[in-house]
Amino acid sequence: MKRTLYTSEHEAFRSSFRSFLDREAAPHIDQWEAAGTPDRTFITSAAANGYLGFEFDPAVGGLGIEDFRYNAVMTEEVVASGMAGDTFTMQNDIIVPYLRELATAEQQERWLPRFTAGDLVTALGMTEPGAGSDLAAIRTSGVRDGDELVINGSKTFITSGATCDLAIVLVRTGERDGRGTTFVAVEAGTPGFDRGRPMRKIGRKAQDTAELFFQDCRVPLSNIIGDPGRGFGHAVVNLPRERLSLAVAGVASAAHALSLTLTHVKERVAFGAPLAALQSIRMNVAEMHTDIQIIQSYIDRCITELNSGTLSADDAAGAKYKATDLQWDVLDRCLQLFGGYGYMEEYPIARMWRDARIQRIYGGANEVMKDLVGRAVVA
Ligand SMILES: Cc1cc2nc3c(=O)[nH]c(=O)nc-3n(C[C@H](O)[C@H](O)[C@H](O)COP(=O)(O)OP(=O)(O)OC[C@H]3O[C@@H](n4cnc5c(N)ncnc54)[C@H](O)[C@@H]3O)c2cc1C
């Protein structure tokens, strides 16, 4: 089924981004996995080619392009390249709305030129050791003292946590219920702000994930992002975009895995014929193919709705759980069809499989997404 989401401009963008990844990412993925993070020169090179913060105004180094289809093209190509690609997701899909919609003119002047130049790797710190799905339970505190906010507490599992130059952190500034949380930006090097070593993960090894520690960490009130006391409100507005981004990656990963698997089952001979000659394998492939097309259509519709400002929180939550459940189901079935080869590191399906597992947990666990959809449906 032909997708109708993209225009020829998006396809031209896809082809230049694919060449960029072939040239500057593919040869280094193993090395980045060993290092636990992509090379910083890759990030500056991506920025120099216009791939970071393109939604921002040209005055601060962006391209002024607000069209999530470009973000989706990038995600699809990153998935096909075999890299984890969390830097693009974090910078372009997750952080941009915080800095574009919520940052003051002074903050934008301070940070956006560095962001678009690839000199400002950012992180978003919400999860804490005692508060993941239940974000209302966060305890990291931000207490006002004159014209500063004094931060105490810790965050965990933070993408780019070990390497970021700027962490946007959700802190408690009031009571648990009501207007109790605030986003604040903490720059690397601020006294009292420390990071743990990159955490050892089962997948997404080319992306660092770390704990953040705050001990009497003082930041100027001018680092507050958005309205003080309205942190949750801001997160609620931005989370649908984050969840859609994960959904785009989920269905792209399933589609790419199936395409690798089709090549394999057509070439691999068993019982005197290619695996694809077995009816049970064709039925398996048919189920995956049809499920991918159905969910792809839903995701494409969500992208259109995000662009027009009409994507609801529950539809985005539905997209997230459905696409990432599909991703896991398809990747596991595809790995199975590769047999023992699928378990070998040199086969892309192996890395895709282990990189995929977290998708059903982060960005809101899939059970939490279902609860969100269920509440909207019965309301
Ligand atoms: C690699 C990685 C990167 C991450 N990046 C970031 C980041 O950049 N920034 C950030 O802030 N966080 C990040 N996270 C954290 C992630 O968002 C949380 O792990 C996730 O929200 C789940 O929280 P938790 O781990 O505390 O699990 P818990 O909240 O303890 O939940 C455990 C499990 O319980 C079940 N569960 C929870 N609530 C419900 C419910 N209401 N109904 C039914 N079942 C439920 C789910 O199965 C869930 O997986 C990252 C995590 C990982 C592993």
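**Strands and their partners**

Guide: F183 has I225 in strand 8 as its bridge partner. Keep in mind that this model is predicted.

Visitor: Why are strand 5 and strand 8 said to pair?

Guide: Count the bridges. Strand 5 (residues 181–187) and strand 8 (residues 224–225) are joined by two. Pairing needs at least two bridges, so these strands qualify. They run antiparallel.

Visitor: How many bridges link strand 4 and strand 5?

Guide: Seven, again in the antiparallel sense. L166 has E187 as its partner in strand 5. R172 has T181 as its partner there.

Visitor: In which sense does strand 1 run beside strand 4, parallel or antiparallel?

Guide: Parallel. Four bridges join strand 1 (residues 122–125) to strand 4. Since at least two are needed, the two strands pair. A123 stands opposite A167 in strand 4.

Visitor: What makes strand 4 a covered strand?

Guide: Seven of its seven residues are buried. Look at one side: L166, I168, L170 and R172. Now the other: A167, V169 and V171. Buried means under 20% relative accessible area, so every residue on both faces falls below that cut-off. Strand 5 is mostly covered too, with six of its seven residues buried.

Visitor: Why is I303 called buried?

Guide: I303 has a relative accessible area of 0%. The limit is under 20%, so I303 counts as buried. I303 lies in helix 8 (residues 279–307). Beyond its sequence neighbours, I303 touches L5, F68, R69, A72, L244 and V248. I303 and A72 are 231 residues apart in sequence, yet their C-alpha atoms are 8.2 Å apart in space.

Visitor: And F157, is that buried or exposed?

Guide: Exposed. F157 has a relative accessible area of 55%. Exposed means over 50%, so F157 passes the cut-off. F157 sits in strand 3 (residues 148–159).

Visitor: What makes a group of residues a nonpolar core?

Guide: The members are buried nonpolar residues joined through side-chain atoms within 4.5 Å. The largest such core here has 74 residues. F42, F88, L244 and I299 have the most contacts inside it. Helix 9 (residues 313–337) gives the most to this core, with ten residues. A second, separate core has 28 residues, including A131, I168, A185 and A235.

Visitor: Which residues does F42 contact?

Guide: Leaving out neighbours within four places in sequence, they are F20, L21, E24, A25, W32, M83 and F88.

Visitor: How do helix 9 and helix 11 pack?

Guide: Helix 9 and helix 11 (residues 366–378) pack at about 140°, with their axes 8 Å apart. The crossing is left-handed.

Visitor: Which residues of helix 11 take part?

Guide: N366, M369, K370, L372, V373 and A376. From helix 9, they meet A313, D314, A317, G318, K320, Y321, T324 and D325. This contact divides into seven nonpolar, three polar and four charged residues.

Note on methods:
Residues are numbered from 1 along each chain as its sequence is written. This is a predicted model: local features need pLDDT of at least 70, side-chain atom pairs count only at pLDDT 80 or more; totals for chains, interfaces and linings use all residues. Side-chain values use heavy atoms; hydrogens and water are left out. Buried means under 20% relative accessible area, exposed over 50%, partly exposed in between (1.4 Å probe, protein chains only). Contact means heavy atoms within 4.5 Å. Axes are lines fitted to C-alpha atoms, for helices over the stretch in contact, and angles run from 0 to 180 degrees between N-to-C directions. A crossing is left-handed if the near helix is turned anticlockwise from the far one by less than a right angle, and right-handed if clockwise. Ala, Val, Leu, Ile, Met, Phe, Trp, Tyr, Cys and Pro count as nonpolar, Asp, Glu, Lys and Arg as charged, and the others, Gly among them, as polar.
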